Amino acid sequence: MTSVWRFVSNALCRITGRKVFPIFVMLSSEPQAAPTVSELLVDLSEFIRLTSPAVPDPAETWLQSHKQPPPSSTPPSLAPPVCTDEASAGLVSSMTESQLENPGSTVVVSNSLNEFTTRASFDIKKCDLHGLEAGPPLKTELSRDEGLRFYRTMQVMRRMELKADQLYKQKIIRGFCHLYDGQEACAAGVEAAIDPSDHLITAYRAHGYTYTRGVSVREILAELTGRRGGVAKGKGGSMHMYAPNFYGGNGIVGAQVPLGAGIALACKYQGNNQICVTLYGDGAANQGQIFEAFNMAALWKLPCLFICENNKYGMGTSVERASASTDYYKRGHFMPGIRVDGMDVLCVREATKFAADHCRTGKGPIIMELQTYRYHGHSMSDPGVSYRTREEIQEVRSKNDPISLLKERMLSSNMASVEEFKEIDIEIRKEVEDATQFATSDSEPPLEELCNHIFSNNPPLQVRGTHPWAKLKSSS
């Protein structure tokens, strides 16, 4: 009988991680009688209580009714075993609150049930440099609040774009629609490194930056569906959304780059210490107007941060087939440049801080290439798998997804729990669903408002319609 108890005790030591199980202590004293089955169940109750607290256990009930220590005359073999060893305490500290509430769930080891690491430092990928002696730091710090904010921002963008995909396929969204999922770290990292008073202009893949610049999911989706509650009153659509210090959303490939240089000229002229972040894609990088803007910006030392979001494909053409040189960060020649891991929000943030400081200190413009990836095709009319394989897309999703990368970092550093991320995901799903309900039920703008807001401060004027007898007015 003793050998059986010893075998059970050894097995329980392995399961619980305890150095010595009370049964084994009892067996080590030869004059003592072997414990009964009831005593063994009592001893097992501690482990059962830790792993399955939601299930009432008879032994646990027995323990609760015998909290007072037994008299000194009571033989040790008859006293209810009490957990006092360090290993058992370690077992408690290695479980998070969510694991105790949901037995069997996989969570990160926590040093405390109620405490998380409030700040941690992380290594980030080194940036490639052009025309610079030093670049962004190789280590960065992240607070718990910042990390959760980054996670929420990127997850909102992801869910919003997936909902736009669904609405487009249902023919509720019509026309051009370019989705941003996969590139969320770019928008989140850039916005985290600049001031709200700074200016930003981008191309037609603009949903993500529209959100980070302060426009709600509700207004974005309503704009996509052409409703009055949209950010541009339902008249702009996917490519033409605006907000304070955000200039779109531009449908002509590369045309926003000279405009961004002009905004930077205004910043320098006014002396307000602001910068303009001017974004374009790898598909626009070979356009002549971009090099003209580079030349003027460098000549006048404009506070312009040119960012090339290199997602590997310009429409359906890979960068290798479209560009003689794919080192887009070197394209300025006489302008400094950096190439950044655009799938890492922390790397993007630090690189943007570095580049923004370069512009603010009067050193002139700088080019930043963000190496990123889009999961969808170029637009909703592009399935996205005729020029690349599904395996390629899946590999990026599984190994280099920006949201998963941040989540894993925070979990491994005990900055959050799996359950906390799940709660955020639930809130975001509800927010997107509520926005969808509004975007599909709000009214469309009436015809008489078609020509409004052509001018900012002019009195109403007649606008020629599509036929001679159409009379439309524009009011600001």
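Tutor: Start with helix 12, whose buried residues are Ile290, Ala293, Phe294 and Ala297. They span an arc of only 105 degrees around the axis, so they sit on the same side of helix 12. The general rule behind this is that an α-helix has 3.6 residues a turn, so residues three or four places apart point the same way. Bear in mind that this is a predicted model.

Now the opposite face. Turned away from the buried side of helix 12 are the exposed residues Glu292 and Leu299.

The helix itself runs over residues 288–299, twelve residues in total. From first C-alpha to last, helix 12 reaches 17 Å, close to the 16 Å expected at 1.5 Å a residue. After helix 12 comes lysine 301, with a positive phi near 50 degrees.

What does the buried side pack against?

Take strand 10 next. Five of its six residues are buried, so strand 10 is largely enclosed by the rest of the structure. Strand 10 pairs with strand 6 in the parallel sense, over six bridges. Cysteine 308 has glutamate 369 of strand 10 as its bridge partner. Strand 10 also pairs with strand 9 (residues 337–341), again parallel, over five bridges. There, isoleucine 338 is bridged to methionine 368 of strand 10.

Next, the nonpolar cores. The largest has 71 residues, and Val190, Tyr209 and Val277 touch the most other members. Helix 7 (residues 144–169) contributes the most to this core, with nine residues.

Leaving aside neighbours within four places in sequence, valine 190 contacts Leu200, Tyr209, Val277, Ile307, Val348, Thr352 and Leu370.

Finally, the whole chain. The chain holds 17 helices and twelve strands. Of its 476 residues, 48% are buried. Among contacts with a separation of 6 or more, 68% join residues 24 or more positions apart. The chain exposes about 23,700 Å², and carbon and sulfur atoms supply 55% of that area.

Terms used:
Residues numbered from 1 in each chain as written. Predicted model: local features only at pLDDT ≥ 70, side-chain atom pairs only at ≥ 80, totals over all residues. Heavy atoms only, no water. Core = buried A, V, L, I, M, F, W, Y, C linked by side-chain atoms within 4.5 Å. Buried < 20%, exposed > 50% of the residue type's maximum accessible area, 1.4 Å probe, protein only. Helix = DSSP H or I, 4+ residues; strand = E, 2+ residues; numbered from the N terminus. Contact = heavy atoms within 4.5 Å. Expected span 1.5 Å × (residues − 1). Arc of directions from axis to C-beta. Areas by Shrake-Rupley, 256 points an atom, 1.4 Å probe, with all protein chains shown as cover. Pairing = 2+ DSSP bridges.
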